[in-house]
Amino acid sequence: MAIDEAVMWARSQRLVPNTVRLYTWRPSAVSIGYFQSLEEEVDVEACRRRGVDVVRRITGGGAVFHAQGGELTYSLVLEERDPRLPESFTESFRVLCRGIVLGLSRLGLEAVFQPVNDITVNNRKVSGSAQTRKSGVVLQHGTVLVKTDPETMFMVLKVPREKTLSKAITAAEERVTSLSKEKGRPVDLAEVRQALEEGFQEALKVEFQLSELTPAERRKAEELRKKYASREWNFSR
Amino acid sequence: MTRRTTAYKVPGGKLIRVQASVESGLITEIKITGDFFLLPSNAIVDLERRLRGLPVEADFRALIADYFWRERIMAAGVTAEDFAAALARALREGCNLHKQP
């Protein structure tokens, strides 16, 4: 999260070009949207017991369980005035998600963008995205579910009062899926990374140059890590 | 003082939670949370600040719509109307429990 924000900052300072990141989580973590209440969405104690990190994002959206080894996360940082971005905030989610849709089709999956911010395969969710903007820069990031772990997810996310735990798991299995489940075989993270790289390049009509974080981005990320580790930030609502 | 929490599901998926405290007919505390998207990021905190201290009969629909329009708030998954409806529900249900004869 600190790195995503650092890249966003560096872009706003024109220190770096538009940037795409593809990354994973270690350990597993729960992230919540900027406008959510941590206590309402997450069983913080259960996370602590299981060694699951908890973090508030700067982007809106919902509570997400990021299983270690279970998903690939992407982030896109580009200027707000980029001609590829539509006028509408709502439409921009669709445009920036197109790379995932194309990437998944390269894996032989028929992916469909579902407003506001989801992508489904066979009507079940495989990907969710979140976006924020600051200083003329857009950050959109999101997950692609490669392998699901509904039990842990339900231990750490607060289940709506109306549903019992098992009912909630069944309901979730019907609404959420993973690439492995849809392909009927274990899907490699490397395979997904390759497909998404190609998908994003096709969608954004661009050729990526593999690079590393600049020293300025690293320094900024180190600085921002303190924020993301703080109670003040994570429990701010 | 009455305190009420409500969860308002917007058709299409996003959830708005409103926690409101009412004392002597005025909103003393308000917290709006949810899985929606708003820009700028400080829109919710700003809106809460403006709602605090207002009487429960205020025209929140007009107020919130006006706020969104003036400040050019960008929203995805929710509208100004949805926030007004969520707030109205919270206040309505809260007030009904503690009506003074």
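**Close-up views of chain A**

**View 1. A:Ala29 faces its partner across two strands.** In this predicted model, A:Ala29 stands opposite A:His66, a residue of strand 4 of chain A. Strand 2 of chain A covers residues 29-32. Three bridges join strand 2 to strand 4 of chain A. The two strands run antiparallel.

**View 2. An open sheet of three strands in chain A.** The strand order is 3-2-4 in chain A. Pairing in this sheet is mixed. Strand 3 (53-56) and strand 4 (64-66) of chain A stand at the edges. Each has a single partner strand, so one side of each is left without a neighbour in the sheet. From one strand to the next, the twist averages 25 degrees.

**View 3. The second largest pocket and its centre.** About 890 Å³ of space lies in this second largest pocket. The pocket is lined by 27 residues. Closest to the pocket centre are A:Thr19, A:Val20, A:Arg21, A:Gln209 and A:Ser211.

**View 4. The elements that line the second largest pocket.** Strand 1 (19-23), strand 5 (71-79) and helix 8 (189-204) of chain A are the elements that give two or more residues to the lining. Strand 1 of chain A gives the most, with five residues.

View 5. The lining holds 14 nonpolar residues. Another six are polar and seven are charged.

Terms used: Residues numbered from 1 in each chain as written. Chains lettered and ligands numbered in written order. Predicted model: local features only at pLDDT ≥ 70, side-chain atom pairs only at ≥ 80, totals over all residues. Heavy atoms only, no water. Pairing = 2+ DSSP bridges. Helix = DSSP H or I, 4+ residues; strand = E, 2+ residues; numbered from the N terminus. Axes fitted to C-alpha atoms, helices over the stretch in contact; angles between N-to-C directions. 1 Å grid on protein atoms, 1.4 Å probe; cavity = no way out; pocket = protein on both sides within 12 Å on 5 of 7 lines; lining within 4 Å. Points joined across faces, edges and corners; volume = space filled by probe spheres on them. Nonpolar A, V, L, I, M, F, W, Y, C, P; charged D, E, K, R; others polar.
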